[in-house]
Amino acid sequence: MNLTERDKKVIWHPYTQMQTALPHIPIVRGEGTCVYDADEKKYIDAVSSWWVNIHGHAHPYIAQKVAEQLTKLEHVIFAGFTHEPAVELAERLLAILPPNQQKVFYSDNGSTAVEVAIKMCLQYWHNKGEQRTKILAFKNAYHGDTFGAMSVSGRSAFTAAFDSLLFEVEFIDLPDKDNIDSLKSQVSNLKSELACFIFEPLVQGSAGMIMYEAEYLNELISHCREEGVLTIDDEVFTGFGRTGKPFACNHLTEQPDIMCFSKGITGGTMAFGLTTCTQDIYDAFLSEDKLKTLFHGHSYTANPVACAASLASLDLFLAPGTTQNIQRIADSHAIFAEKIKLHHKIKNVRQTGTILAMEWETGNNTSYFSSLRDTLYKYFLDAGIIMRPLGNIIYILPPYCITDAELAYIYSKIEDALEAI
Ligand SMILES: *Cc1c(COP(=O)(O)O)cnc(C)c1O
């Protein structure tokens, strides 16, 4: 039996209808922007393996730092104990985040980072003796797959089986110049019930790379602050350079109370997440009363190996070459976007930093589950490019080390697809 057959016998894959799925391709190794299958067929990872890989695959520097950490300390319980990688990572991260971010709470992935953020907000009000239990979020938001994270995400085909069990959330439209005043009054009307407002800054990734302007998000955050509503900036996707700046909040002048990170943090090496918050939120949990404790934690909280991978990834991220690469990708995307935006099969092209999204014209069949999605996926796979269209929307968000030649190849295959499909 080959690996694909052995896989089919024992494995259940994420987001996959196992009855109709294409055979899963066995990947043996990765290097730079590419991964290689058992026959040495090369695939350019145009989606950074679900948006996590920022420096390329099997990066030797991260590998070396992880290996060193593994021979020193693989893990230790993080209640009652601490370790150098956890403290150093918190220090270095807080130094580059907005100055109001003062404390780091570690967890395991993006969904847990969001769960922690929500619990911090809800218990903040509970500890202060105020009845504020409602949460405000954007329509079509995506904040993860666990129940709390799913609750603050838009209701869709993905949540349908659970909708009756999800807690109640007030969903508002994305802000723009026309609706910003009405959104602000919605916040004001609900303010005494609202615990917090959670948002994906500038780009709603899973919803289809939907982009909106920093200016109006700024106004909303500022208004929430005036009304005493806490704000959660979910940077799980946008953090670490994706939007052209280190963090999406760097496009804002108003700063959030809480931030969530995961995807790019270890450079795509391993699962990890963290939530940061202000001194004010942290202080609301300080008490002689043990009931005011934040009762949350995971077995692998602050895993030293994950911290070491994150520190190594941060070294690479802060190197001047990476900043240049991010700019190079953004410039290159802009030129290509200009070139294809008038193509009759392209309904819309949009870009934020290293993220380029193209909406395919489909007439009126735009469902995520349309066959166009599968056709496009297969087309690029055959061309040796990993793309995962979100319905009729294809997007490129590559590791920052992608070469100009690799980018040019991806663009040319998109142009070919526009003719062929
Ligand atoms: C992917 C994502 C999450 C969930 O992260 P996981 O690690 O997949 O649980 C949360 N928020 C945003 C904005 C994301 O893109």
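What we have here is a predicted model, so local features need pLDDT of at least 70 and side-chain atom pairs count only at pLDDT 80 or more, while totals for chains, interfaces and linings use all residues. Residues are numbered from 1 along each chain as its sequence is written, and side-chain values use heavy atoms, with hydrogens and water left out.

Okay, the overall picture. The protein comes to 13 helices and 16 strands; those are DSSP runs numbered from the N terminus, helices being H or I with at least four residues and strands E with at least two. The C-alpha trace spans about 65 × 55 × 45 Å along its principal axes. Of the 421 residues, 52% are buried. By buried I mean under 20% relative accessible area, with exposed over 50% and partly exposed in between, using a 1.4 Å probe and protein chains only.

Now to the charges. There are 35 positive and 51 negative side chains, where Lys and Arg count as positive, Asp and Glu as negative, and His and the chain ends are not counted. Side chains of opposite charge can pair when their charged atoms come close. A search of the whole structure turns up 21 salt bridges, meaning a side-chain nitrogen of Lys or Arg within 4 Å of a carboxyl oxygen of Asp or Glu.

Let me show you a few. Glu359 pairs with Lys347, the closest N and O atoms being 3.8 Å apart. That pair links distant parts of the chain, with Glu359 in strand S14 (residues 355-360) and Lys347 in strand S13 (residues 346-352), twelve residues apart. Glu359 is buried at 15% relative accessible area, while Lys347 is partly exposed at 39%. Glu359 also meets Arg350 in a salt bridge, 2.9 Å from N to O, and Arg350 counts as buried at 15%. Elsewhere, salt bridges with shared partners join Arg29, Glu31 and Glu40 into one network. And Lys341 bridges to Glu338 at 2.8 Å between the closest N and O atoms.

Asp45 sits in strand S3 (residues 42-45). What does Asp45 touch, leaving out residues up to four places away in sequence? Thr33, His57, Ile386, Pro398 and Pro399, where touching means heavy atoms within 4.5 Å.

Terms used
The place of a charge is taken as NZ of Lys, CZ of Arg, CG of Asp or CD of Glu.
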